[in-house]
Amino acid sequence: MNKPRPHSSRRLVAVSNRTSFGSPGAGGLAVALSDTLAETGGLWIGWSGKIFDVPRRRVNLTEEGGVSFALIDMSKADYEGFYLGYANSVLWPVMHNRLDLAVFDSEYFAAYVAINQRFAQAIANQTTPDDIIWVQDYHFFLLAKQLKEQNCPRQTGFFLHIPFPAPEVFRSIPDHRLLGEGLCAYDVVGLQSPHDCKNFSRYMQEELGAEQVSEERYRIGDHTLTLRLCPIGIDAEGFSQSATSDTAENAAQKLAKFLGDRHLIIGVDRMDYSKGLPQRFEGMATLFDKYPILHGTISFTQIAPPSRSVVEEYAQLRQQLDELSGRINGDYGDLDWIPIRYLARGYERDELAGLYRLARVGLVTPLQDGMNLVAKEYIAAQDPEDPGVLVLSQFAGAAEQMKEALIINPHDRDAVADAVLTALNMPLAERKRRWRALYDGICRQDITWWRGHFLAAFDSDPAGI
């Protein structure tokens, strides 16, 4: 077999549930993929975002911003079985260690297999053997295996944005072995943290008989897989610039009018049970309980746009947060002070950057998170001459990289409260020292580094993978 050309000279094909089509201003992953796709004349395959009453098999080919798109529609049954069902009622809770919320239904798995098969067929029809296929996230564990079963040789990479749990937890999924075999059919698998890599390595060896042949490489049967630690980053310098834009400053000025001379503590999360929002609210209540001197001197703003609101667990979480914020404000508030401002809506990227920059404390306390880019955005947005302090959950993948943050256990209300107090009282010199180390780190391993580090795995194998 001839060795493929270096990845930099080959076309990249991205595959993900959603694409950047129709939202060219999106940040983060969309920017990283769009840039590379545009450079290589690449293609992005994903769901169109449209749901129809009956299945539609046609793939919609279009172009935007120098990137080609192949967009696949879903029927209502597809959406309910594949997306709401298997992806978000089985894989998402299990991968985040919430077995109690998983709904194991064989019809969900059948829908997941069918959608993966449809995407695999689109890949086969729209790509050539010289393309690199880069699949994003838990929606598509099966694509590489299905391509092989179609006798469609492609070089395939897979990046998991969420955690990979301990093998004991992953095995709770009735179809875990099929999922594991699907993952192991990829040529390169990228995971967010050393902990995730250890978990997946254990699973491959214990369940599938994989043999580790080097630091990153595993042999399963006649196939060799590269497992790469590849923590995702942000466009740190670009986000820093966003924090001083007119839009950012306008948003900060609006909130500053409400704050007066109070210090802002901010949290920004999708409304998801993995984010630890009830525990965070309880931690703030403990802060007000333990340190009455802080009453009237700080304001906690939590931005939590609804997510998957049609799923029952998310509706229950929304109700829980409504009740908690009402109780806390009733217990601790005063005529001229609202302790918690809870905003169940989204804001633009530049607006958030301005709010991060205004905040003395960034509170990022998920119960489980693959990475958590809010932590990195908060650091990128800070004023170098007067930076705020990041309080970060030990269970976020970001904690592995961002050790100069105040690392806490989000289940420990006292730890959350005490860390916020420490952050508020931290001397300027220490705030600047911690911030500088964190900022340098997110600039070193930014979104461009992440993209290059993953794709370089296709060049590093002497056998051509």
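Student: Which residues does Val15 touch?
Tutor: Leaving out residues up to four places away in sequence, Val15 touches Ile45, Phe119, Ile123, Ile133, Trp134, Val135, Gln136, Phe140 and Leu143. Contact means heavy atoms within 4.5 Å. Keep in mind that this is a predicted model: local features need pLDDT of at least 70, side-chain atom pairs count only at pLDDT 80 or more, and totals for chains, interfaces and linings use all residues. Residues are numbered from 1 along each chain as its sequence is written, and side-chain values use heavy atoms, with hydrogens and water left out.

Student: Ok. How many residues does the largest nonpolar core have?
Tutor: The largest nonpolar core has 66 residues. Val15, Ile45, Phe141, Leu179 and Phe200 have the most contacts inside it. A nonpolar core is a set of buried Ala, Val, Leu, Ile, Met, Phe, Trp, Tyr and Cys residues joined through side-chain atoms within 4.5 Å. Buried means under 20% relative accessible area, exposed over 50%, and partly exposed in between (1.4 Å probe, protein chains only).

Student: Which element gives the largest share of this core?
Tutor: That is α2, with eleven residues. Helices (H or I, at least four residues) and strands (E, at least two) are DSSP runs, numbered from the N terminus.

Student: What lies apart from that core?
Tutor: Another core, of 57 residues. Among them are Ala30, Tyr439, Leu455 and Phe458.

Student: Tyr439 sits in a helix, I think. Which residues of α15 are buried?
Tutor: Arg431, Arg434, Trp435, Leu438, Tyr439 and Ile442. They cover an arc of only 130° around the axis, so they are on the same side of α15. The arc is that of the directions from the helix axis to the C-beta atoms.

Student: And what is exposed on the face turned away from the buried side of α15?
Tutor: Ala429, Arg433 and Arg444.

Student: What covers the buried residues of α15?
Tutor: The cover includes α8 (236-242), α13 (373-381), β15 (389-393) and β16 (406-408).

Student: How far does α15 reach?
Tutor: α15 runs over residues 428-444, 17 residues, and reaches 24 Å from its first C-alpha to its last. That is close to the 24 Å expected at 1.5 Å a residue. The expected span is 1.5 Å times one less than the number of residues.

Student: Which residue follows α9?
Tutor: Gly260, and its phi is positive, near 65°.

Student: You mentioned α12. Is Gly354 there buried or exposed?
Tutor: Gly354 is in helix α12 (residues 349-358). Gly354 counts as buried because its relative accessible area is 3%. Apart from neighbours within four places in sequence, Gly354 is in contact with Ala243, Ala248 and Ala252.

Student: New topic: rings. How many aromatic pairs are there?
Tutor: The count comes to 31 aromatic pairs. Rings of Phe, Tyr and Trp (its six-membered ring) pair if their centres lie within 6.5 Å; planes under 30 degrees apart count as stacked, over 60 as edge-to-face and the rest as tilted.

Student: Why is the pair of Trp92 and Tyr138 tilted?
Tutor: The ring centres of Trp92 and Tyr138 are 5.8 Å apart and the planes are at 55°, so the pair is tilted. The two residues are 46 residues apart: Trp92 is in helix α2 (residues 76-95), and Tyr138 is in the loop between β5 (132-136) and α4 (143-149). Trp92 and Tyr138 are buried.

Student: What about Phe281 and Phe300?
Tutor: That pair is edge-to-face, with 5.9 Å centre to centre and 90° between the planes. Phe281 is in helix α10 (residues 277-290) and Phe300 in strand β12 (residues 298-303).

Student: Last one. Where does the charged end of Arg341 sit?
Tutor: Over the ring of Phe258, 4.2 Å from its centre. The rule asks for NZ of Lys or CZ of Arg within 6 Å of the ring centre and within 35 degrees of the ring normal. Arg18 also lies over a ring face, that of Trp47, at 4.9 Å from the ring centre.
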